[in-house]
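Work through the exercises below with the sequence and the model open. Each task is followed by its solution.

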Amino acid sequence: MKQNLVLALLPLGIMVTATAAPDFAKDIQPILQEKCIDCHAAPYKKGTRLRKPKGDYRVDTRENIMKAGDSEEPGVVPKNAAKSEVYKRIILPEDHDDIMPPKGDPLTLAEQKLIKDWIDAGAKWPKGVVLKREG
Ligand code: HEC
């Protein structure tokens, strides 16, 4: 009985590994949270001033990350990293005016690839998850 169960689950395990796309919570959310959300969150009050997202662009929900900001280019086009402004900007040379993030360390090659693979796999984002600025 036990053996049959293992045999039945084996092909499933192989399929899952072969098509594994980056996982949002494990691979993508930490990058957005650490490198992007500070400047691309929902509007918030700082003292009496209302701080708006830079470039009128937010990465806090799946709907928002797909939208265009001031550039009018869609931030994320699911299944098409090459057409996604997010991907186009994170792979720019470090001294380019449009690179994201505009200050601090650029994303590592591994992080760039995670974002690319995530978008190309359909940019899955668990329902209801909203990213927020810290502090
Ligand atoms: C320090 C603040 C800051 C951080 C951090 C930052 N950005 Fe930006 N971002 C900006 C500013 C300012 C603009 C608007 C000027 C421009 O388009 O370059 C912008 C614009 C954008 C745009 C273009 C929106 C549009 O349609 O005009 C995208 C896409 C973008 N950022 C993605 C990201 C991503 C992805 C990250 C994290 C890897 C990130 N940004 C991190 C400041 C930031």
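**Exercise 1.** Is the crossing of H2 and H5 left-handed or right-handed?

The model is predicted: local features need pLDDT of at least 70, side-chain atom pairs count only at pLDDT 80 or more, and totals for chains, interfaces and linings use all residues. Residues are numbered from 1 along each chain, and side-chain values use heavy atoms, without hydrogens and water.

Step 1. Helix H2 spans residues 24–35 and helix H5 residues 109–120; helices are DSSP runs of H or I with at least four residues, strands runs of E with at least two.

Step 2. The two pack at about 120°, with axes 10 Å apart. Axes are lines fitted to C-alpha atoms over the stretch in contact, and angles run from 0 to 180 degrees between N-to-C directions.

Step 3. The crossing is left-handed (the near helix is turned anticlockwise from the far one by less than a right angle).

Step 4. Phe24, Asp27, Ile28, Ile31 and Lys35 of H2 meet Glu111, Leu114, Ile115 and Trp118 of H5 (contact: heavy atoms within 4.5 Å).

**Exercise 2.** Which peptide bond is cis?

Step 1. The bond from Met100 to Pro101 is cis, with omega near -5°.

Step 2. Pro101 sits in the loop between H4 and H5.
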